[in-house]
Amino acid sequence: MDEELQLKKRFEELYNRSYNNGYYTYTDFLTLAQQDILVKSVPKNGYSFWGGYENAERKIACFGSEEICGYADTPPVYCVKIEPLRQKFADALTHRDFLGSLMALGIKREALGDIIVFENTGYLFCLETITPYIVENCVSVRHTSVSCAVVDKPPVESVKLPDESETVTASLRCDAVIAAVYKLSRSESQKLFEQKLVFINSANCLNASQSLNENDLVSVRGKGRFIFCGKVLTTKKGRMRISVRIF
């Protein structure tokens with residue numbers, strides 16, 4: 001609770017500093033739980049989230065806008081490509097491998113955003129301030145020698161939305177949709193809400209009966225994420241066929 005209060009005060013401080021002085025302020029990368037605290041403590045028009053690409057999970061909060069500050073600013077998030085020097089002899093590298101090597105350099109987790117692994121290469125989103133240190137000092141991942149370089153963005157294929165798939169659910173309640181997507185019983189799905197593991201558009205959802213809206217991004221800790229694309233049709237038995245994009 002103390003940590004939550006400290007976060008609320010920090011968010012309010014950054015918001016007030018931006019609003020009163022007319023310049024942008026930023027947080028470090030936030031977890032879903034931290035994003036939820038922000039959503040519930042600062043006016044919706046007072047901030048935006050950015051993680052380096054659409055549908056990122058870890059994001060920084062950006063306080064300020066062109067209307068308030070009088071100018072546009074670029075959030076201080078960089079993308080670093082971490083590539084084996086010789087792919088032919090490289091280990092099969094995973095998200096955990098890249099993260100472990102970065103943490104071994106003494107970098108705090110809040111300075112690091114998502115890591116996308118594509119074709120055995122890592123694309124790391126990180127704070128601008130830590131970027132030069134990573135580029136200079138990250139020289140190996142597991143037993144594989146790597147090179148690092150700042151790039152504008154990862155390959156389009158690495159961040160493209162998953163294909164749509166269809167499933168059948170009893171209703172558009174979020175507990176029913178989650179149960180259908182992850183093949184759970186209704187009671188198992190409802191326990192996820194009781195354990196505060198469900199987030200909809202960065203906000204923690206405790207209401208299992210809440211209906212989902214088209215394009216809602218649903219994150220279930222320990223299960224994964226999906227985008228609710230909407231209802232396709234109602235079956236003859238009164239059930240609903242829905243479309244989702246499962247990450």
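Is E83 buried, partly exposed or exposed? E83 is partly exposed, with a relative accessible area of 29%; here buried means under 20% relative accessible area, exposed means over 50%, and partly exposed lies in between (1.4 Å probe, protein chains only). The structure is a predicted model, in which local features need pLDDT of at least 70 and side-chain atom pairs count only at pLDDT 80 or more, while totals for chains, interfaces and linings use all residues. Residues are numbered from 1 along each chain as its sequence is written, and side-chain values use heavy atoms, with hydrogens and water left out.

**Salt bridges**

- Side chains of opposite charge can pair when their charged atoms come close.
- A salt bridge is counted where a side-chain nitrogen of Lys or Arg lies within 4 Å of a carboxyl oxygen of Asp or Glu, and the count by this rule is eleven.
- E83 forms one of these salt bridges with K81, at 3.6 Å from N to O.
- K81 is likewise described as partly exposed, at 25% relative accessibility.
- Shared partners in salt bridges link R10, E13 and R17 into one network.
- E13 and R17 both belong to helix α1 (residues 2–21), where they are four residues apart, about one turn of the helix; helices (H or I, at least four residues) and strands (E, at least two) are DSSP runs, numbered from the N terminus.
- E13 has a relative accessible area of 38% and is partly exposed, and R17 is partly exposed at 29%.
- D36 and K40 form a further salt bridge, with their closest N and O atoms 3.3 Å apart.

**Aromatic rings**

- A pair of aromatic rings is described by the distance of the centres and the angle of the planes.
- Rings of Phe, Tyr and Trp (its six-membered ring) pair if their centres lie within 6.5 Å; planes under 30 degrees apart count as stacked, over 60 as edge-to-face and the rest as tilted.
- Six aromatic pairs are found in a search of the whole structure.
- Y15 and Y19 form a stacked pair, with 6.0 Å from centre to centre and 25° between the planes.
- Both of these tyrosines, Y15 and Y19, lie in helix α1, four residues apart, about one turn of the helix.
- Y15 counts as buried, at 18% relative accessibility.
- One aromatic cluster is formed by Y24, Y26 and Y71.
- R225 lies over the face of F247, at 4.6 Å from the ring centre; a charge sits over a ring if NZ of Lys or CZ of Arg is within 6 Å of the ring centre and within 35 degrees of the ring normal.

**Cavity and pocket**

- On a 1 Å grid over the protein atoms alone, a cavity is a set of points where a 1.4 Å probe fits but cannot get out, and a pocket is an open set with protein on both sides within 12 Å along at least five of seven lines; lining residues have an atom within 4 Å of a point.
- Grid points are joined across faces, edges and corners, and a volume is the space filled by probe spheres set on the points.
- The structure holds one cavity of 30 Å³ or more, and the largest cavity has a volume of about 40 Å³.
- Residues lining the largest cavity include L32, Q35, N201 and S219.
- Helix α2 (32–39) and strand β12 (216–220) are the elements that give two or more residues to this lining.
- The largest pocket holds about 480 Å³ of space.
- Its lining has 18 residues, of which Y53, N55, D114, I116 and R225 lie nearest the centre of the pocket.
- By class, the lining of the largest pocket has eight nonpolar, three polar and seven charged residues; Ala, Val, Leu, Ile, Met, Phe, Trp, Tyr, Cys and Pro count as nonpolar, Asp, Glu, Lys and Arg as charged, and the others, Gly among them, as polar.

- S48 is found in strand β2 (residues 47–50) and is partly exposed at 35% relative accessibility.
- S243 lies in strand β14 (residues 240–246) and counts as buried at 6%.
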